[in-house]
Amino acid sequence: EVTVSRKNDMSVVLLGYIFDSENPTHSNQQVLDCLSENETFETVLENSAKYAGRFLIIYHDSSDFKLFHDAAGQREVFYWKEDNLWLASQPTLLSQYVELQKCVEGANFYSSSKFKQRKERILDTTQYLGLKHLPVNHYLDLNTVESTRYFPTKRIAKVSLEEAVFHSSKYIKGFIEAASHRYKLMVAVTGGWDSRMMLAASLHIPDIHYFIFKHKHLKNTDQDIKTPKRLLGILGVDYNIIEYEPKLEDDIKSLMTKNVELSNPILYPAFYNEFFKKYKDRLNVTCVSEAARNYFHYQANEKDLSGATLARLNKFEEFDFVKEQYQKWIDDNAVPFKENGYHILDMFYWEEKMGNWLANGRSAMGSVIEDFSPFNCRELMVTFLSVDEKYRDRYYPVLHKEIIKQLSVDTLKIPVNQNLKYIVIKWLVIFRIYPIYKRVQLWLKAN
């Protein structure tokens with residue numbers, strides 16, 4: 001979708017979709033027109049923080065020609081300049097128009113079996129010479145072809161758990177309602193926290209298709225199938241366990257790889273045979289709330305962080321290129337993160353994992369069906385991160401539990417993640433043993 005709003009000599013272009021939780025009936029055009037009432041790029045950028053979506057916004061006036069994407073960078077942007085500036089959603093699509101050469105710097109990493117297996121780029125780099133990937137929390141100046149960090153610039157205001165639950169619940173429910181005014185929705189429900197929150201936020205919406213793909217590795221006794229089946233049965237809601245056709249024609253596989261080079265071929269049959277053939281008229285509701293859950297906090301002391309430590313945390317410790325890139329990221333960003341009250345490990349997950357690993361997966365899904373996360377809103381992400389980290393545990397997130405309770409207490413009738421691993425980790429966390437264990441594990445790995 002392309003939407004344009006103009007005012008005097010200013011034009012604002014939206015690619016994708018954008019939702020307003022306070023005005024759930026507003027269309028893309030109405031949201032963009034409200035955003036375009038702001039007279040400068042800086043105010044447009046700042047005021048976009050309250051919206052959610054999967055989008056790219058291009059701003060142009062007599063002095064500025066700039067673009068930025070959604071809070072988690074899920075609408076990917078690649079850019080390349082030689083004689084002309086080129087923008088693309090994927091390198092493979094750009095390669096139809098310009099000749100891309102494999103990069104020299106980072107060649108050991110980008111040619112490695114681990115990269116081919118993990119399919120995860122590093123920061124703004126790519127496997128092609130001169131081709132950059134726009135990082136999360138940065139805008140791109142189309143005149144100078146330079147990316148600039150725009151977040152954070154204000155100190156985060158710490159809020160109580162109760163206040164965060166109240167505001168987060170309003171945001172999430174409002175975004176789900178906004179999405180339902182434009183699309184029929186489908187929501188994957190597993191045994192985990194994020195999908196449980198999606199279930200709680202959407203139960204009041206009619207005609208939602210709750211489902212799970214039964215991949216080869218899943219059995220009926222697995223928590224990701226057994227738990228939601230029991231829960232939705234208690235709630236009297238249909239739950240669809242989809243056993244999809246695993247075969248796919250070679251030309252379809254080739255086309256899907258051409259669309260998104262680093263997509264996972266294992267998912268092609270589910271994506272094409274189900275999403276594309278049966279549900280492409282729906283919006284698939286997904287999650288990007290993991291950055292709020294202390295994903296890396298247990299494993300490293302932020303005061304002693306290095307590029308090598310981040311490489312180990314991200315399981316790329318054998319590559320000097322990755323260590324060097326992560327060290328530069330620390331050197332450039334540690335001070336502004338600290339001055340504004342943000343944990344560097346929270347920001348690392350937000351910008352690196354969500355902006356590369358998760359965004360790549362969303363691009364692959366987006367080639368067959370549109371998807372949306374109501375968490376993909378900067379103000380909501382900041383609200384999450386403003387809560388004391390003890391409430392944002394990776395395995396037992398009190399914040400998530402309280403939001404679910406606020407949205408629909410009935411969805412907690414069956415506990416979340418009730419397999420042995422999570423039960424043991426939960427009690428290790430409660431008794432504060434788990435952080436010590438993870439730090440010792442990381443130290444042993446480094447030595």
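**Cavities and cysteines**

Tutor: Leu-45, Ser-48, Ala-49, Tyr-51, Phe-55, Phe-68, His-69, Asp-70, Ala-71, Tyr-150 and Arg-378 line the largest cavity. A cavity is a set of points on a 1 Å grid over the protein atoms alone where a 1.4 Å probe fits but cannot get out, and lining residues have an atom within 4 Å of a point. This is a predicted model, where local features need pLDDT of at least 70 and side-chain atom pairs count only at pLDDT 80 or more, while totals for chains, interfaces and linings use all residues. Residues are numbered from 1 along each chain as its sequence is written, and side-chain values use heavy atoms, with hydrogens and water left out.

Student: What volume does the largest cavity have?

Tutor: About 70 Å³, taken as the space filled by probe spheres set on the points, which are joined across faces, edges and corners.

Student: And which strands supply lining for the second largest cavity?

Tutor: Strands S3 (52-60) and S14 (370-372) each supply at least two residues; strands are DSSP runs (E, at least two residues), numbered from the N terminus. That second largest cavity has a volume of about 40 Å³.

Student: Is Cys-287 buried or exposed?

Tutor: Buried, at 12% relative accessible area, whereas Cys-34 is partly exposed at 31%. Buried means under 20%, exposed over 50%, partly exposed in between (1.4 Å probe, protein chains only).

Notes:
On a 1 Å grid over the protein atoms alone, a cavity is a set of points where a 1.4 Å probe fits but cannot get out, and a pocket is an open set with protein on both sides within 12 Å along at least five of seven lines; lining residues have an atom within 4 Å of a point. Helices (H or I, at least four residues) and strands (E, at least two) are DSSP runs, numbered from the N terminus.
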